[in-house]
Amino acid sequence: MLIDAHVHLDKYGALLGRALQQIAEQQIFTVATAMDLPSYLELQKIGERSELVLPTFGIHPRRAAEYADCLADLSRHIERSPAIGEIGLDLHWVKDATTYPAQRKVLAYFIAAAAEQNKFVNLHTKAGEKEILDLLEKYDVRRAIVHWYSGPMDVLAAMIDFGCYFTIGVEVLYSDYIKEIAKAVPDHLLLTETDNPGALRWLKKNDEVGMPAALNDVVEALAILRLTNPERIESLVHSNFCRLIANDPGLESAHALLSRSNSPQSP
Ligand SMILES: [Zn+2]
């Protein structure tokens, strides 16, 4: 089974039906990350339409300033969510530095909750890579997906040592630096994502809506870069994601679904 470990399904609008159809046809297990509370509430409804969709709650760094002073109100949603994300820091694309303290406050709150509730986290780390690794270490959050990593190679190595998983996405088709990262992630920590529907639009500066099937292009690119075949990449990512969620009491049904799916055999 293919794994899209970071997607914004609530952003598909009129194309949601088509996206869910592709997810079903291609059997893509989908971690649907939230940007904020309305986004999570919408994702919960979408999750009811497909057992392949796992909605998770987080506050994106871009939204952090709106929530920093009412974090306690979010507790019940965090508790209900089977995993945490999207959370993180963005000290690069978010130019308004007055939001950085709020970003840090929100991130620390969610990381502490993930530690206490033993949930995996889905992280946006742009220009906050080392700071985020320090937080994971401080709270001993061992199950972390670092989404679309593009930071320094030395912090990548430290995150690998800590055991973070990494989602490689569509930028691997366009960027030599991301190709280097895609080669550096060890087999046992490799995951895939689309970050769609907006990733392609953001990368190519056009109005292209990225569909879930873009994951196939990522898998093929990874196979070429890592000198193997797409079936082997699919199988590897599937088993990595299964390991990430194994023995998680909140994710038993997802684990069962993944365990009974036909993962292609490794050659
Ligand atoms: Zn995202």
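## Nonpolar core

The largest nonpolar core of this predicted model has 98 residues; such a core is a set of buried Ala, Val, Leu, Ile, Met, Phe, Trp, Tyr and Cys residues joined through side-chain atoms within 4.5 Å. Buried means under 20% relative accessible area, with a 1.4 Å probe and protein chains only. Among the residues with the most contacts inside the core are Leu-9, Phe-29 and Phe-241.

Apart from neighbours within four places in sequence, Leu-9 is in contact with residues including Leu-16, Leu-20 and Val-53, where contact means heavy atoms within 4.5 Å.

## Zinc site

His-6 (NE2), His-8 (NE2), Glu-86 (OE) and Asp-195 (OD) are the protein donors of the zinc ion, at 2.1 to 2.6 Å from it. Donors are N, O and S atoms within 2.8 Å of the metal (3.2 Å for Na, K and Ca); water is not among the atoms, so sites may look incomplete. Along the chain, the donors follow the spacing H-x1-H-x77-E-x108-D.

His-8 belongs to the loop between strand S1 (2-7) and helix H1 (16-26), and Glu-86 to strand S4 (residues 84-88), so this pair ties together parts that are 78 residues apart in sequence. Helices (H or I, at least four residues) and strands (E, at least two) are DSSP runs, numbered from the N terminus. Both His-8 and Glu-86 are buried.

## Basis of the model

Residues are numbered from 1 along each chain as its sequence is written, and side-chain values use heavy atoms, without hydrogens and water. In this predicted model, local features need pLDDT of at least 70 and side-chain atom pairs count only at pLDDT 80 or more, whereas totals for chains, interfaces and linings use all residues.

Note on methods: Buried means under 20% relative accessible area, exposed over 50%, partly exposed in between (1.4 Å probe, protein chains only).
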